[in-house]
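Visitor: Hi! I've just opened this one and could use a hand finding my way around. Can we look at it together?

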Amino acid sequence: MAAMKKTICLSLFCLSVSPPVGPQAHAGETPETILIRQALSNDVSGYRRANSELTLKTYDERFVAYKGHANGDPRAWTILHENRDALAKQINADLEAHRYEITRTIPLISVRTTHAFATTIDSGQVIDRASGATTPVHIQRLWTFLKTEDQWIATAMVSDLGDALLPVADSGTHDDISDLLQRESQAWEGGNASDILGFFDEHFTGYDGRTTFKPGTWTIAFSGIEEMGKWLEKRLPYAQYNLDRKILHSALGPSGNEALAVTHETVAIQHIVGPAKHQKERYVLWTMSRRSGSWKITNMLYDIGLID
Amino acid sequence: MIAKRLTCLLLFSLSACSTTEEQVIDLLEQMAAHPIYSPGWQQAVDNLATIGRPAARQLIARLNPGLYLGEDYREFRDEQEQLRTGCALALGRIKPRGATAALKDRITAAYTDDERTACLWAIGQIGYSQVGIDALKVQLKDHNPVIRIHAAIAIVKMDDNVGDDEIEDAFSDAQLAKIALQGLEESSYFGVPLLMRLSTDGGPQQQALRQIIDKVKDQLVAQLTAEEPVHRQRAATALGQMGDLGPTQALVNLLTDPSNQVRFSAAAALATLDQAQGIDFLFQALRNTDSILRANAVKFLAEVQSQSGSVESQLISALSAEAPLARAGAAQVLGQARVQTAVLSLIEATTDKTAEVRVNAIIALGQIGTGQSRSRLESLRTDDDATVAYYAEWALGQLGPS
């Protein structure tokens, strides 16, 4: 109750101190979306004012940045920065070299308890401080957020997210990533919840993509390992899973501490108390981190709609 | 796998001492574990319906796609369909009024046909609500005729005839006719007027319609002893509309029912069937000193006369009855039923020594609206009784200019 009051007070405070050009009220707004909007507004304000400190307030120290290469297909994505320090270096260099005259719109914010994702579109121009040359900007981003101590902080961002599925270059896979994901699929067949959960980061986010690659239709299915654990407790006594997984793509970050992968799999369940079987094929996007020592899954997007 | 099966068997064997919530969870898992409409799935639906209202909250929750996230996540759409369809059917049998709002959100094209038809059926079974009927009317425009016929049947169950054309059209298609017949059978007394009309239209479904009418008649006879007075009342009325003398004695038994409305409905049904017990009951009530009973008698006699014409001669005779209340009441009924053949008798009644009779005869002449009464009404404009004169003026206004 106290936390809820704090959240409401904080959101009212945010609204009251927002500058006229800051975030505006939107239909369906909640205290949580107001706070996320404020965090995204701080980020872009920092760029406009060349204030890296303000910008970096939005980011978690474990923040990971991906480059989308204008493609909705994550098999084309690469990892740009593996933590906030790496991002900070890039921001400082950018602000030193360029002036940003950009505005940000936020078409989507989706929240489930302590996890959220959002999309933004930045438009305007970037001016080279030395030459005065201007470059028009129109860039779409996908963000993920985590709420900690009443504050929403960005945990990942895909820059230059495409709104179409473009061709992807043939890419290899990394053995340790493939091994991780194959062991994860075997854990499902074993039917032991703790074995499955052992592959996931405590704060991971599980999404259901509903067979599209566009974030507008995605929903968050699991906000962290605790919620997924509760699901497995309910699910596994009644369903035997069978997974046939193929690793299609994986990519590692510059330091090899962050990874992303795309799999294609046939997932089936056989109900224990009856003859029904359910089966489907799906693509899954995974992000992983080994900042804690071993690889842990940080995001899992079931049923992202891709084409072969 | 074997260990899991044993665990589940153990869980089921312990279910006798589990809470209702746990029983519902087990039955939902049974529903998910059996193909839709299979015996195992149907058994789960039956058992959930047997639990009744204590299960309703959990069943309503399963209609919502937002539930299938987090700890209730179900990644297979067809599994969700099994649950949503089964929950809707169970809710249709439990009939919690609060479920309509959740059900009507699942009848749109965003859901599968099984889900939509189950939710349409459940909305109809739960019965009238404005929000429900508004949503059903939208589905009458759906491109899928199966959805339209299910929507139309649900509307009939809400005692509205806006979907009747859709049902009549369905009889030109064997598959749709089957759905319509089943729906009309389930519609009980609400479907009787349409059933009777369809049964006179001819066509290839006549035999099937006769069978449905017989089944509905049996249902209605059983409902004459229902606990709820509204069921007894509506069943009696519908049996009168059916025109079958079979249930006469069952209707006669209701003439001593504790409920006024049931007694009058039974009497009206008997009168419609031209049975003396019903006609006598209504005419006795017409001269009762209790104004409520008299008002009921007028209302029901007017309905009987409008539907069957079976009490016309008795009404005209009653204009000469000894009791002034009976004469006044008969005039009221003749006016409300617009009985043209009673005009001369009503003109005669405008000479009655009792002003109340004269007033009601004048009002009846105004309602019937024939020019035959004009000269008499004009002479009554100067009647000594101010009320008589007032209504004579009113009645002339109803006739229009000469």
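**A walk through the two chains**

Guide: Happy to. In chain A, 23 residues of domain 1 are in contact with 25 residues of domain 2. Keep in mind that this is a predicted model.

Visitor: Where do domain 1 and domain 2 of chain A run?

Guide: In chain A, domain 1 covers 2-159 and domain 2 covers 175-304. The C-alpha centres of domain 1 of chain A and domain 2 of chain A are 27 Å apart.

Visitor: Which elements give two or more residues to the side of domain 1 of chain A that touches domain 2 of chain A?

Guide: Those are five strands of chain A: strand 1 (59-67), strand 2 (78-81), strand 3 (98-112), strand 4 (115-128) and strand 5 (134-148). By class, that side of domain 1 of chain A has ten nonpolar, eight polar and five charged residues.

Visitor: What order do the six strands of the open sheet in chain A come in?

Guide: The order is 8-7-12-11-10-9 in chain A, and the pairing is mixed. Strand 8 (219-223) and strand 9 of chain A stand at the edges with a single partner strand each, so one side of each has no neighbour in the sheet. From one strand to the next, the twist averages 25°.

Visitor: What holds paired strands together in general?

Guide: Strands of a sheet pair through backbone hydrogen bonds, either parallel or antiparallel.

Visitor: Back to this sheet, then. How many bridges are there between strand 9 and strand 10 of chain A?

Guide: There are 13 bridges between strand 9 (residues 239-252) and strand 10 (residues 258-271) of chain A, and the pairing is antiparallel. Strand 9 and strand 10 of chain A form a hairpin with five residues between them, and A:G256 in the turn has a positive phi of about 75°.

Visitor: And strand 10 with strand 11 of chain A, parallel or antiparallel?

Guide: Antiparallel, over 13 bridges, with strand 11 spanning residues 277-289 of chain A. Here A:A268 has A:Q279 in strand 11 of chain A as its bridge partner. Strand 10 and strand 11 of chain A also form a hairpin, with five residues between them.

Visitor: How many bridges link strand 7 and strand 8 of chain A?

Guide: Four bridges, in the antiparallel sense, with strand 7 covering residues 200-212 of chain A. Look for A:D208, which stands opposite A:T219 in strand 8 of chain A.

Visitor: Which strands does helix 5 of chain A touch?

Guide: Helix 5 (residues 175-190) of chain A packs on the sheet and touches strand 9, strand 10 and strand 11 of chain A. The direction of helix 5 of chain A makes about 170° with that of strand 9 of chain A.

Visitor: Let's switch to chain B. What are the domains there?

Guide: The domain assignment of chain B gives domain 1 (1-126) and domain 2 (128-223). The C-alpha centres of domain 1 of chain B and domain 2 of chain B lie 27 Å apart. Between them, 13 residues of domain 1 of chain B are in contact with 14 residues of domain 2 of chain B.

Visitor: Which element gives the most to the side of domain 1 of chain B that touches domain 2 of chain B?

Guide: Helix 7 of chain B, with eight residues.

Visitor: How do helix 7 and helix 9 of chain B cross?

Guide: The axes of helix 7 (residues 113-126) and helix 9 of chain B come within 7 Å and cross at roughly 10°. That makes helix 7 of chain B roughly parallel to helix 9 of chain B. Residues making the contact include B:L120 and B:W121 of helix 7 and B:A151 and B:A154 of helix 9 of chain B.

Visitor: And at what angle do helix 8 and helix 9 of chain B pack?

Guide: About 150°, with the axes of helix 8 (residues 130-139) and helix 9 (residues 145-157) of chain B 8 Å apart. Helix 8 and helix 9 of chain B are therefore roughly antiparallel to each other. Helix 8 of chain B passes helix 9 of chain B in a left-handed crossing.

Visitor: Last one: how many residues does the contact take from chain B and from chain A?

Guide: The contact takes 20 residues from chain B and 19 residues from chain A. Helix 1 of chain B gives the largest share of the side of chain B that touches chain A, with four residues.

How values were computed:
Residues are numbered from 1 along each chain as its sequence is written. Chains are lettered from A and ligands numbered from 1 in the order in which they are written. This is a predicted model: local features need pLDDT of at least 70, side-chain atom pairs count only at pLDDT 80 or more; totals for chains, interfaces and linings use all residues. Two residues are in contact if their C-beta atoms, placed from the backbone, lie within 7 Å. Domain bounds come from an automatic or database domain assignment. Ala, Val, Leu, Ile, Met, Phe, Trp, Tyr, Cys and Pro count as nonpolar, Asp, Glu, Lys and Arg as charged, and the others, Gly among them, as polar. Axes are lines fitted to C-alpha atoms, for helices over the stretch in contact, and angles run from 0 to 180 degrees between N-to-C directions. Angles under 35 degrees count as roughly parallel, over 145 as roughly antiparallel, 65 to 115 as roughly perpendicular and the rest as oblique. A crossing is left-handed if the near helix is turned anticlockwise from the far one by less than a right angle, and right-handed if clockwise. Two strands pair if DSSP finds at least two bridges between them.
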